[in-house]
Amino acid sequence: QVQLAESGGGLVQAGGSLRLSCAASGTIFRFNDMGWYRQSPGKQRELVAAITSGGSTKYADSVKGRFTLSRDNAKNTVYLQMNSLKAEDTAVYYCNLDAWAMGVPTDMDYWGKGTLVTVSS
């Protein structure tokens, strides 16, 4: 069973920084994309940033230049460094992993429980 353990959310003033971490555990045969989505009240969940197994990254236009996603393959962990935070970044942030793991016949999407990021203006 794959589990994603998220940490690092909280309350920060506009212009501040936070770092989110997400560690994957379980018997995972193949890691594909791993990253973060977010959802704010009344809005659909949206991609924030993702990194492929090869290390390529993609970002939402709204966070380019402010957020940086990195991956520690040895620890099965991704980190989202969020700088110059804005009030509109306030949301629940969900870790996502696309992987092939023990007990399932194909690649699947796995989700963390979410961590709240609140940016006060």
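**Figure 1. Salt bridges across the whole structure.** A search of the whole structure finds six salt bridges, a salt bridge being a side-chain nitrogen of Lys or Arg within 4 Å of a carboxyl oxygen of Asp or Glu. The model is predicted: local features need pLDDT of at least 70, side-chain atom pairs count only at pLDDT 80 or more, and totals for chains, interfaces and linings use all residues. Residues are numbered from 1 along each chain as its sequence is written, and side-chain values use heavy atoms, with hydrogens and water left out.

**Figure 2. The salt bridge between Arg30 and Asp107**. The two side chains meet at 2.7 Å, N to O. Arg30 belongs to strand β4 (residues 28-39), while Asp107 sits in the loop between β9 (91-101) and β10 (108-111), so the pair ties together parts that are 77 residues apart in sequence. Strands are DSSP runs of E of at least two residues, and helices are runs of H or I of at least four, both numbered from the N terminus. Arg30 is partly exposed at 39% relative accessibility, and Asp107 is partly exposed at 29%. Here buried means under 20% relative accessible area, exposed means over 50%, and partly exposed lies in between (1.4 Å probe, protein chains only).

**Figure 3. The network of Arg38, Glu46, Arg66 and Asp89.** Salt bridges link these four residues, Arg38, Glu46, Arg66 and Asp89, in a network. Within it, the side chains of Glu46 and Arg38 meet at 2.8 Å, N to O. Arg38 is buried, with a relative accessible area of 6%, whereas Glu46 is partly exposed at 35%.

**Figure 4. The salt bridge between Asp61 and Lys64**. The closest N and O atoms of Asp61 and Lys64 are 3.1 Å apart. Asp61 is exposed, its relative accessible area being 65%.

**Figure 5. The open sheet of four strands**. The strand order is β1-β3-β8-β7, and the pairing is antiparallel; two strands pair if DSSP finds at least two bridges between them. At the edges are β1 (3-7) and β7 (67-72), each of which pairs on one side only. From one strand to the next the twist averages 15°, with axes fitted as lines to C-alpha atoms (for helices over the stretch in contact) and angles running from 0 to 180 degrees between N-to-C directions. Strand β7 is joined to β8 (residues 77-82) by six bridges, and the two run antiparallel. Thr68 has Gln81 as its bridge partner in β8.

**Figure 6. The surroundings of Gly8.** Gly8 is in the loop between β1 and β2 (10-13). At 32% relative accessibility, this glycine, Gly8, counts as partly exposed. Leaving aside residues up to four places away in sequence, Gly8 touches Leu18, Arg19 and Leu20, where contact means heavy atoms within 4.5 Å. Gly8 and Cys22 are 14 residues apart in sequence, and their C-alpha atoms are 9.0 Å apart in space.

**Figure 7. The chain as the setting for the close-ups.** The chain has 11 strands and zero helices. Of its 121 residues, 40% count as buried. Among contacts between residues at least 6 apart in sequence, 55% join residues at least 24 apart. Along its principal axes, the C-alpha trace spans about 45 × 25 × 20 Å.
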